[in-house]
Amino acid sequence: MTAMKTATITFGFLLVLGLLTIACGDNTPTTPTTPALPTTEKFSGRLQVQGSSFYSFTTAATGQVSITLASLVPTPPGPASNTVMGLGVGTPLETDCSVTNSVATAPGLTAQLVNSLAAGTYCARIYDLGGLTAPADFTVRIVHP
Amino acid sequence: MRVAQYLRAHTFFTWPALVLLAFAVLSTGCGSDSTTTPAPSTTTAQTETLHGIMAPTGQAVRTFLANQAGTVTVLLADAQPTVTLGLGVGVRGSTGADCRFTQTVNTAPGTTAQLSVSVDPGTYCAGAYDIGTVGQPGVTVTVTVTHP
């Protein structure tokens with residue numbers, strides 16, 4: 001009887017240890033969801049005095065669209081021009097860009113025009129506000145969803 | 001053997017007690033993990049150096065990645081032979097072939113940054129270009145860029 005009781009108790013301890021071993025295993029790892037990285041596009045060209053140029057792009061989702069007039073150089077590679085230009089965003093209209101938001105800005109490396117836009121097709125437009133005295137090479141950077 | 005005698009002497013080590021003990025241990029031992037607050041991200045400024053030989057009418061440019069918004073500084077640290085050069089910072093054009101400068105300055109080599117500009121996160125370029133002062137066979141330049 002005593003031997004049986006001892007065996008029972010021993011079995012009980014083993015059961016407890018077994019439960020602890022299997023119950024406290026590693027949790028199943030969950031894969032974190034990674035938000036989609038924004039897309040960066042650039043458009044470059046040579047802008048004539050009193051001229052304009054635009055570039056169409058498509059956003060995959062609603063989100064922030066940042067447009068930067070990054071460079072304006074009459075005689076590449078330099079010196080860089082600080083001329084204030086028109087920079088706008090809108091929607092393509094036939095062979096032009098119908099601007100809905102715009103800003104007058106000098107070139108820089110932080111976005112001068114930031115808008116929250118729904119998914120769709122848009123255009124960015126650069127245009128001379130009268131400050132250009134000679135044609136100039138430009139680069140506009142667009143970051144969008 | 002002594003353990004068995006001890007257990008026999010203490011009646012609380014019975015089957016029900018063992019089951020209760022098991023549940024108690026499981027309840028307390030497998031509680032939810034405590035949440036850890038992520039450490040705030042700290043980004044130190046990075047310094048990159050361009051060292052090259054620039055031909056007459058040419059440019060020597062390095063591309064770099066700013067991981068976050070901040071200030072970029074550009075230093076023309078050395079030019080051999082010593083000449084005044086154009087120094088610029090900007091972005092690569094749509095073809096990626098050339099560096100389209102946003103800010104430029106004509107400068108001799110120095111020890112403090114000659115250019116400083118605020119940037120958004122992104123890819124940029126900086127370097128030196130000939131402003132008509134570079135003769136044959138060229139000039140050896142060292143440009144240092146510090147960025148976030």
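A disulfide, defined as a pair of cysteine sulfur atoms within 2.5 Å, joins C99(B) to C125(B) in this predicted model, with an S to S distance of 2.0 Å. The pair links distant parts of the chain, with C99(B) in strand β5 (residues 99-107) of chain B and C125(B) in strand β7 (residues 122-129) of chain B, 26 residues apart; helices (H or I, at least four residues) and strands (E, at least two) are DSSP runs, numbered from the N terminus. Because the torsion about the S-S bond of C99(B) and C125(B) is about 95°, this disulfide is right-handed. Both C99(B) and C125(B) are buried, where buried means under 20% relative accessible area, exposed over 50%, and partly exposed in between (1.4 Å probe, protein chains only).

Over all chains, a search of the whole structure finds two disulfides. In chain A, C97(A) and C123(A) form a disulfide with their sulfur atoms 2.0 Å apart, and this link is right-handed, with 85° about the S-S bond. Distant parts of the chain are again linked, since C97(A) belongs to strand β5 (residues 96-105) of chain A and C123(A) to strand β7 (residues 120-128) of chain A, 26 residues apart. C97(A) is buried at a relative accessible area of 6%, and C123(A) is buried at 0%.

Strand β7 of chain A also contains I126(A), which counts as buried at 0% relative accessibility. When residues up to four places away in sequence are not counted, I126(A) touches F43(A), L47(A), G51(A), S52(A), S53(A), L69(A), M85(A), G86(A), F138(A) and V140(A), contact meaning heavy atoms within 4.5 Å. I126(A) and G108(A), which are 18 residues apart in sequence, are 14 Å apart in space, C-alpha to C-alpha.

In chain B, H147(B) is found in strand β8 (residues 139-147) and is buried, with a relative accessible area of 1%. The side chain of H147(B) makes a polar contact with the side chain of E48(B) at 2.7 Å, a polar contact being a pair of N or O atoms within 3.5 Å of which, within protein, one must be able to donate a hydrogen and the other to accept it, while residues adjacent in sequence count only if both atoms are side-chain atoms. The H147(B) side chain also reaches the backbone oxygen of L65(B) at 3.2 Å. Beyond its neighbours within four places in sequence, H147(B) is in contact with residues including A45(B), F64(B), T71(B) and V72(B).

Residues are numbered from 1 along each chain as its sequence is written, and chains are lettered from A and ligands numbered from 1 in the order in which they are written. In this predicted model local features need pLDDT of at least 70 and side-chain atom pairs count only at pLDDT 80 or more, whereas totals for chains, interfaces and linings use all residues; side-chain values use heavy atoms, with hydrogens and water left out.
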